[in-house]
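Subject: Structure handover

Hello,

Here is the structure I said I would pass on. Please open it first and keep it beside you while you read the notes.

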There are 6 protein chains.
Amino acid sequence: MEEVHSIAGPLQAALGGDCPQSVVDRLGAVSVGTLIQNLQRLGLHQQFMVGVEPRNAHKHFAGRAMTLRCLPAREDVSKVVGRGVESLHRRAYETIGAGQALVIDARGEMGGAVGGDILASGLAARGGVALVTDGAIRDLPAMQAVNLPIFSRGDHPRTFGEVHVAMDLNVPVQCGGVLVMPGDILVGDEEGVVVIPPAIAEKVAESGEEQERLDSFILTKVAAGIPLRDAFPPNEQIRAEYEAWRKQHV
Amino acid sequence: MEEVHSIAGPLQAALGGDCPQSVVDRLGAVSVGTLIQNLQRLGLHQQFMVGVEPRNAHKHFAGRAMTLRCLPAREDVSKVVGRGVESLHRRAYETIGAGQALVIDARGEMGGAVGGDILASGLAARGGVALVTDGAIRDLPAMQAVNLPIFSRGDHPRTFGEVHVAMDLNVPVQCGGVLVMPGDILVGDEEGVVVIPPAIAEKVAESGEEQERLDSFILTKVAAGIPLRDAFPPNEQIRAEYEAWRKQHV
Amino acid sequence: MEEVHSIAGPLQAALGGDCPQSVVDRLGAVSVGTLIQNLQRLGLHQQFMVGVEPRNAHKHFAGRAMTLRCLPAREDVSKVVGRGVESLHRRAYETIGAGQALVIDARGEMGGAVGGDILASGLAARGGVALVTDGAIRDLPAMQAVNLPIFSRGDHPRTFGEVHVAMDLNVPVQCGGVLVMPGDILVGDEEGVVVIPPAIAEKVAESGEEQERLDSFILTKVAAGIPLRDAFPPNEQIRAEYEAWRKQHV
Amino acid sequence: MEEVHSIAGPLQAALGGDCPQSVVDRLGAVSVGTLIQNLQRLGLHQQFMVGVEPRNAHKHFAGRAMTLRCLPAREDVSKVVGRGVESLHRRAYETIGAGQALVIDARGEMGGAVGGDILASGLAARGGVALVTDGAIRDLPAMQAVNLPIFSRGDHPRTFGEVHVAMDLNVPVQCGGVLVMPGDILVGDEEGVVVIPPAIAEKVAESGEEQERLDSFILTKVAAGIPLRDAFPPNEQIRAEYEAWRKQHV
Amino acid sequence: MEEVHSIAGPLQAALGGDCPQSVVDRLGAVSVGTLIQNLQRLGLHQQFMVGVEPRNAHKHFAGRAMTLRCLPAREDVSKVVGRGVESLHRRAYETIGAGQALVIDARGEMGGAVGGDILASGLAARGGVALVTDGAIRDLPAMQAVNLPIFSRGDHPRTFGEVHVAMDLNVPVQCGGVLVMPGDILVGDEEGVVVIPPAIAEKVAESGEEQERLDSFILTKVAAGIPLRDAFPPNEQIRAEYEAWRKQHV
Amino acid sequence: MEEVHSIAGPLQAALGGDCPQSVVDRLGAVSVGTLIQNLQRLGLHQQFMVGVEPRNAHKHFAGRAMTLRCLPAREDVSKVVGRGVESLHRRAYETIGAGQALVIDARGEMGGAVGGDILASGLAARGGVALVTDGAIRDLPAMQAVNLPIFSRGDHPRTFGEVHVAMDLNVPVQCGGVLVMPGDILVGDEEGVVVIPPAIAEKVAESGEEQERLDSFILTKVAAGIPLRDAFPPNEQIRAEYEAWRKQHV
């Protein structure tokens with residue numbers, strides 16, 4: 001067999017930085033839109049998963065990525081996976097940790113699902129915070145009753161093994177066109193899912209929180225009829241009003 | 001004119017099997033996800049219509065297919081259809097039978113609609129159980145008030161004759177990438193529409209019902225914290241519990 | 001620099017016709033589906049924006065188009081726009097007139113947004129009646145709270161300047177595949193957005209109103225079990241009933 | 001089984017008109033571009049197959065359509081077709097007449113082929129003039145050596161039965177988004193394939209021939225430096241020159 | 001009518017910089033691939049037209065952009081353009097200057113053409129250096145004989161007025177997803193078309209020429225078996241060899 | 001960091017089977033179309049790369065897969081790869097073995113290239129037999145002169161690092177929708193690329209060779225006018241003729 005090389009480990013080391021759960025929680029209180037803006041300002045422009053949308057009533061989460069990489073099914077491979085060769089598809093759902101989001105790289109494939117209501121319920125029971133995939137989920141009606149945010153590109157009732165084989169757990173993957181390292185922080189809301197490297201998480205949380213405060217203040221002004229030209233960005237006077245308000249409230 | 005050949009008749013005969021309405025009703029009580037899984041087990045992997053989704057609040061139905069085949073409009077043809085040559089588009093809506101679902105093969109064309117609120121209301125008034133198409137419907141706001149499940153790939157207000165000509169009624173068609181024979185059983189729910197050949201309908205109903213019972217039982221276990229590894233599929237103990245429960249309830 | 005030529009002015013003059021606000025209001029009371037049918041009858045077959053859908057709870061509007069043309073961002077251009085060269089993106093939101101709908105030609109580009117909740121609130125505060133684009137909007141969760149109909153092809157949190165540069169205000173544009181002249185009348189409902197040339201607006205309003213009356217009447221008949229063949233289009237007897245009813249109610 | 005209705009026969013009768021082989025030959029001497037223009041002038045705007053392109057060195061043909069309608073493969077159906085139920089896929093290739101083009105409606109499906117080099121050679125051996133499909137062909141290298149124009153949307157080596165079942169022979173079909181009646185005249189060149197109803201074939205041949213003559217004449221003028229403004233369309237003087245030249249050469 | 005605003009003029013002024021024809025010629029001697037790399041190094045990452053490919057044997061050109069902006073056809077507009085309101089489509093072809101490339105923004109629309117062999121010949125006769133569009137061209141067979149590079153996204157025989165109306169000449173446009181200012185320099189080869197702002201044209205020409213020299217030198221080394229690791233980028237020794245060679249040859 | 005799991009190794013072991021170079025060579029003498037048919041007969045239906053086509057004059061190869069997995073570029077990652085963290089993109093080209101085909105999983109991404117003429121020449125110089133990717137290549141004109149088969153989905157001049165980061169070498173990947181294990185045998189011709197598991201390679205070679213012999217024989221018959229019905233598949237008499245011919249020639 002050919003010699004395998006991977007930069008996953010060295011890359012993790014080079015990116016460095018972990019962050020406490022408190023930062024994850026703070027990120028979860030900021031909107032995806034605001035987080036994206038603050039990531040842009042730090043020079044990160046490719047952090048939003050395209051087409052990955054909430055599929056039930058639970059639309060908000062923040063957690064660390066547990067990643068699962070899937071490849072196209074192939075009949076000779078399907079014959080042995082789960083029969084002698086372990087199914088990582090099962091292992092992912094069975095071993096997820098509390099506070100983790102399961103991110104399944106499904107290559108954008110929409111012709112079969114990465115899981116249904118029972119697997120998703122198992123995820124929730126273990127303390128998983130979300131199921132995120134750029135493929136499909138199944139059991140859409142029953143998924144409505146699962147107590148877990150489910151983000152996908154769509155739904156298809158065909159089962160996992162018909163189109164996928166799970167090859168690796170906790171390696172870097174793509175999902176919705178974004179590179180996701182295991183342990184990256186994911187935040188989801190109605191708009192979709194953003195990926196935040198832990199090394200800059202606290203910085204993003206801080207600037208994000210500040211922006212949301214300011215934006216809320218501006219919004220009240222604009223809704224009250226203050227022209228955009230004065231309020232957004234705020235002119236000196238409105239900025240001063242904001243600073244005063246801020247001192248009292250934060 | 002060229003000699004016409006069709007295998008529609010011989011094929012119907014070879015596929016054989018009809019099934020009583022009671023089986024259709026039982027299929028309608030099983031989810032599309034479960035039905036697809038049971039069709040897969042019988043070797044049928046191409047039975048789910050891709051992209052065909054519910055457009056109003058009525059999302060559940062089961063019925064037999066009345067099929068309508070549409071082809072692209074052509075100006076010389078449009079001039080005579082409905083003026084000397086019968087409009088099968090009208091005939092379909094006007095003659096549907098009770099318990100039937102009208103399946104319109106629209107070639108995935110989204111630039112014009114196969115019907116609006118008045119036609120759909122006529123369908124409902126005759127006892128039709130659903131309008132299913134891989135094209136568009138129109139009058140989306142008014143369709144919300146129609147008492148009939150409406151499944152389509154989307155909506156477009158352009159009228160039928162601008163893009164379609166209806167060529168045949170009750171011939172085999174495709175819809176959403178699935179072959180549909182007239183008389184096939186269609187079941188729809190939030191996930192979409194599945195096509196079930198009558199010859200295996202009873203078998204699918206039986207195994208589907210059994211699976212839904214078992215899955216519900218498993219789900220309560222998983223939600224209660226029993227690990228997926230033990231509960232899904234159930235280990236010996238949980239299987240025994242289920243069998244006991246099953247004896248009491250079915 | 002090359003000599004610029006444009007037919008925008010002469011074309012406006014040749015198309016002619018303005019219409020009072022009362023006609024805009026009447027158009028807003030007719031459904032998009034009905035308006036499209038009446039435009040078809042007048043020989044206009046390309047008036048519906050493809051893929052442009054409502055994104056919050058405000059789904060109905062009628063107004064005159066203020067148009068904004070965007071082109072792809074280019075780094076040398078982005079450097080000067082807003083710094084020496086005016087940002088028309090800002091001007092559009094800051095100067096919209098009461099009764100106007102801001103139509104942003106985004107070339108169908110979905111990788112960045114044309115505006116978020118603050119800009120949209122500013123639009124509403126000035127009396128704008130809608131934000132319409134064939135691109136994306138951002139701040140989807142916050143957009144739910146904005147008191148303005150928002151129509152777009154989707155949402156993406158990336159900010160405007162990452163993908164767009166606004167080049168012209170109030171020139172003819174395309175949006176969703178439809179030519180929109182500044183001042184054209186736009187009507188939106190759950191189905192999407194239709195573009196109506198002012199020169200024929202009154203005619204369309206009249207025939208549209210009449211059709212809606214008749215269709216409502218027919219619908220009660222069809223729902224009551226009168227066959228489509230008799231009721232749609234109405235036979236002599238039902239037509240007579242309608243005319244009697246009409247005399248009493250209009 | 002449901003009652004079948006088709007307007008194929010009445011429609012053929014209503015469209016009427018056949019044309020001698022000499023007209024087919026004349027049409028084959030006109031370019032597809034010119035034919036489309038002349039069809040437009042007669043009010044037919046939907047006659048060009050989108051995406052259907054020549055796949056070997058034989059790019060020119062004219063012939064009458066023998067049509068084959070394919071539907072998506074389904075496992076229960078595939079089991080009986082060719083085993084008890086006739087394969088129309090085979091019948092089409094085996095019975096095509098001299099001067100006919102085999103038009104296979106493949107629903108735009110590119111995941112499997114409608115034929116390879118042996119079937120295509122059989123077509124040529126019987127005097128067939130072209131293989132035209134909006135699906136894929138296979139054996140692309142060997143197809144280069146087949147003495148027959150082959151037009152398709154692409155190539156894929158998967159065999160017919162993996163994705164298709166042939167349902168009807170010589171019924172109206174769509175191909176590349178165009179309605180094709182059996183017996184319609186098809187003309188192909190480097191640009192693609194145009195469909196011409198026999199009832200207007202002679203008219204189209206005549207005006208097409210005249211246009212090609214005039215265009216050739218104009219082209220020599222333009223290439224010689226006569227401004228487009230004078231030559232295209234020709235002003236009085238150039239028109240007179242042409243008429244003189246025409247008298248001598250036609 | 002609404003007040004029109006445009007930043008086209010101020011933007012041209014702010015971007016500044018023109019360049020002599022000699023620079024255009026030098027750019028034309030560098031490959032598109034090399035030009036893109038050198039534009040990237042200057043911070044310009046969006047300069048390659050996606051999907052715009054050569055359609056005849058003439059694949060190399062360099063010239064300045066004359067731009068034409070097209071919008072979707074609309075029946076009320078089509079009635080007056082060319083009849084009272086000037087056709088800018090015609091004006092573009094009739095007035096192009098020597099050394100100019102006609103760039104037609106066709107919105108990526110492939111359902112109709114921006115020109116055929118006669119118009120393209122007229123372009124060539126006036127000294128135009130290329131026809132470039134992100135739409136379709138027509139008369140594909142005859143286009144082979146036209147003595148002008150033709151770049152498009154494809155071909156379709158439908159005529160211009162069926163899908164387009166030309167609105168402006170020499171305004172900024174997009175083509176293939178790239179912003180093109182009138183007067184921008186376009187270079188085309190087998191790979192496609194790149195857009196170069198005049199203000200940096202000389203810089204790009206210089207660095208591009210140098211890179212092509214070095215790359216050619218490296219290529220001979222690599223082909224001769226020198227490992228990529230040593231030759232690309234060149235190590236000290238090979239760099240020295242190159243410098244020596246360069247001194248002798250440039 | 002999370003615990004990594006992979007089934008790549010166990011899967012390789014379970015699939016088993018290697019094959020001598022002589023078998024690779026024999027496979028290279030069979031057409032892709034024939035190989036696909038023989039893989040289908042062995043139950044493997046997903047072995048053809050969709051959209052991956054030859055880009056220069058070298059269209060035939062057979063070799064073993066060296067695989068490179070690319071993920072989307074991310075600014076924080078791009079900063080360290082090649083600067084502290086090794087570039088596997090470079091390593092792949094620099095270490096490929098004789099007889100190997102470099103297969104680059106580019107996720108179907110067409111907005112940047114996986115390599116140009118210098119890298120490809122380096123590949124050829126080391127005895128690599130092909131460059132295969134479902135992304136783009138660059139330097140299209142210069143690639144024509146490279147002495148190596150190049151298969152891709154298209155070309156784009158943007159450089160690798162703008163859109164990709166190479167994460168792993170010699171892990172299982174997807175390419176063109178097919179699962180490729182390191183060491184799998186790839187065969188390419190005009191039609192595209194097929195993936196053959198080594199464990200069944202000899203079987204496929206044998207049946208493929210036999211089929212090509214028989215098909216060639218049949219083709220001469222069909223071209224000579226023997227009806228398809230008799231010759232394809234061959235009836236008893238033609239089968240006997242073939243067996244006689246075969247005895248003499250193989």
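The notes below go through the chain contacts and then some helix packing.

Please bear in mind throughout that this is a predicted model.

Chains F and A

I start with the contact between chain F and chain A. Chain F puts 47 residues into the contact, and chain A puts in 47 residues. On the side of chain F that touches chain A, the elements giving two or more residues are β1 (5-6), α1 (8-15), β3 (61-72), α4 (75-80), α5 (88-95), β9 (164-169) and β11 (178-180) of chain F. The largest share, 6 residues, is from α1(F). Sorted by class, that side of chain F has 27 nonpolar, 11 polar and 9 charged residues.

How are the two copies related?

Strand β1 (residues 5-6) of chain A is joined to β9(F) by 2 bridges, and the two strands run antiparallel. One residue pair to look up is A:S6 with F:D168, its bridge partner in β9(F).

Chains E and D

The contact between chain E and chain D takes 20 residues from chain E and 21 residues from chain D. On the chain E side, two or more residues each come from α5 (88-95), α6 (117-125) and α7 (140-143) of chain E. Of these, α6(E) gives the most, with 6 residues. The classes on this side are 8 nonpolar, 5 polar and 7 charged residues.

Chain E is superposed on chain D by a rotation of 120° with 0.0 Å of shift along its axis, at an RMSD of 0.0 Å. That is the relation of a three-fold axis.

Chains that do not touch

Chain B and chain E are not in contact, and their nearest C-alpha atoms are 14 Å apart. Chain B and chain F have no contact either, with their closest C-alpha atoms 14 Å apart.

Helix packing

Two packed helices are described by the angle between their axes and the distance between the axes.

Inside chain F, helix α3 (residues 32-41) packs with helix α9 (residues 201-223) at an angle of about 125°, their axes being 9 Å apart. That makes α3(F) oblique to α9(F). The crossing of α3(F) past α9(F) is right-handed. Here F:T34, F:L35, F:Q37, F:N38 and F:L39 in α3(F) meet F:V204, F:S207, F:G208, F:Q211 and F:E212 in α9(F). By class, the contact of α3(F) with α9(F) has 3 nonpolar, 6 polar and 1 charged residues.

Regards

Notes: Residues numbered from 1 in each chain as written. Chains lettered and ligands numbered in written order. Predicted model: local features only at pLDDT ≥ 70, side-chain atom pairs only at ≥ 80, totals over all residues. Contact = placed C-beta atoms within 7 Å. Helix = DSSP H or I, 4+ residues; strand = E, 2+ residues; numbered from the N terminus. Nonpolar A, V, L, I, M, F, W, Y, C, P; charged D, E, K, R; others polar. Pairing = 2+ DSSP bridges. Least-squares fit on C-alpha atoms with pLDDT ≥ 70 in both. Axes fitted to C-alpha atoms, helices over the stretch in contact; angles between N-to-C directions. Parallel < 35°, antiparallel > 145°, perpendicular 65-115°, else oblique. Left-handed = near helix turned anticlockwise from the far one by under 90°.
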